[in-house]
Amino acid sequence: MLDVRRLYMLKTVAARGSITAAAHSLALTAGAVSQQLAALRNEVGVDLLRPEGRTVALTEAGRVLLEHADRILSAVEEAESAIAAVRGTVGAAATLAALPSTVTRIVAPALTALGACHPQLTVTCSITDQAQLRELALGTVDVVLGQRYHHQPDATPRGIDVSPLLDDPLLVVTAADRGDDRPVALRDLAAHDLVVPPPTTDCGQAIVQGCRRAGFTPVPRYLTADIAAQLTLVRAGLATALVPRTAIDPAAPGIRTAPVADHPIRRLLFAATRHTGNANPTTTAVVEALRTAADEGRASG
């Protein structure tokens with residue numbers, strides 16, 4: 001009988017591209033992963049992987065087995081979710097991946113509320129700018145708090161459910177002693193010293209596209225994806241920034257925010273989970289806490 005853990009290792013190696021990378025994500029040694037994959041190879045009686053430079057690739061047999069492995073692993077998770085739904089109680093552990101820009105106004109309040117309502121639940125949270133939907137599909141995280149800017153197509157992988165949380169506009173941020181809180185025409189920022197994320201980032205691309213719609217191509221004075229660094233430059237009077245509303249602490253001193261009057265730039269914040277036929281009480285509790293925090297954040301402005 002095939003070992004489910006070994007099938008998961010095969011899936012992870014295929015996704016990561018190498019045994020070393022897979023071992024790192026699984027918190028195992030490369031030798032341990034190689035040993036388990038060798039045992040899986042012996043079980044099926046045919047090679048599943050072949051070297052490809054510094055990486056590995058699936059053989060034809062490996063691709064066939066991976067297709068079945070995906071269905072087997074999904075069935076196992078379905079069974080676990082079904083039992084959890086019958087039990088009807090929130091479990092002891094969950095993993096969440098979230099963007100740094102969501103920590104202050106969504107993640108921290110959500111985790112605080114979860115701790116009060118479900119003290120037995122420990123949520124391990126990874127704060128990263130990297131896209132995490134692949135990690136969700138691999139099963140290394142249970143819930144992803146992600147984003148999609150409105151210029152981007154929906155690229156949600158198969159088998160992932162997305163729950164919209166918040167439509168989050170970018171605000172014009174200036175030093176507190178400059179300007180006012182009246183809406184700002186985006187084209188007026190052409191005369192400002194701007195601090196923006198690099199154009200290789202989702203936010204950077206969205207800002208460039210929004211400015212071009214307004215009739216100019218931004219030539220930023222400063223480039224950084226670090227919002228704390230952006231706001232430091234703004235407080236010093238050195239730059240103007242375009243920052244998602246949720247990323248700004250409304251009590252933060254030294255800055256002033258204003259909405260964009262024309263050509264708004266927005267992102268959709270969402271919670272993503274793996275699709276199962278039965279709602280898992282644990283992931284449902286995490287998503288609901290995120291939704292409540294997002295609603296409260298919207299209400300607070």
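## Helix α8

In this predicted model, the N-terminal end of α8 is capped by Asp226, which places a side-chain oxygen 2.9 Å from the backbone nitrogen of Ala228. The helix runs over residues 227-235, and its buried residues are Ile227, Gln230, Leu231, Leu233 and Val234. These residues lie on the same side of α8, because they cover an arc of only 155° around the axis. Their cover includes the strands β6, β7, β8, β9 and β10. Just after α8, Gly237 has a positive phi of about 75°.

## Met9 in helix α1

Met9 belongs to helix α1, residues 4-16. Met9 counts as buried because its relative accessibility is 11%, and the cut-off for buried is under 20%. Leaving aside residues up to four places away in sequence, Met9 touches Leu26, Leu28, Val33, Gln36 and Leu37.

## Salt bridges

The model has 16 salt bridges. One of them pairs Arg16 with Glu135, with the closest N and O atoms 2.6 Å apart. Arg16 lies in α1 and Glu135 in α6, so the pair ties together parts that are 119 residues apart in sequence. Both Arg16 and Glu135 are buried.

Strand β11 takes part through two arginines, Arg274 and Arg267. Arg274 meets Glu77 at 2.8 Å, N to O. Glu77 lies in helix α4, so this bridge links parts 197 residues apart in sequence. Arg274 is buried, at 15% relative accessible area, whereas Glu77 is partly exposed, at 22%. Arg267 pairs with Asp168, the closest N and O atoms being 2.9 Å apart. Asp168 lies in strand β6, so the parts joined here are 99 residues apart in sequence. Arg267 and Asp168 are both buried. Through shared partners, salt bridges also join Arg16, Arg134 and Glu135 into one network.

Terms used
Residues numbered from 1 in each chain as written. Predicted model: local features only at pLDDT ≥ 70, side-chain atom pairs only at ≥ 80, totals over all residues. Heavy atoms only, no water. Buried < 20%, exposed > 50% of the residue type's maximum accessible area, 1.4 Å probe, protein only. Helix = DSSP H or I, 4+ residues; strand = E, 2+ residues; numbered from the N terminus. Arc of directions from axis to C-beta. Contact = heavy atoms within 4.5 Å. Polar contact = N/O pair within 3.5 Å; in protein donor to acceptor, adjacent residues only side chain to side chain. Salt bridge = Lys/Arg side-chain N within 4 Å of Asp/Glu carboxyl O.
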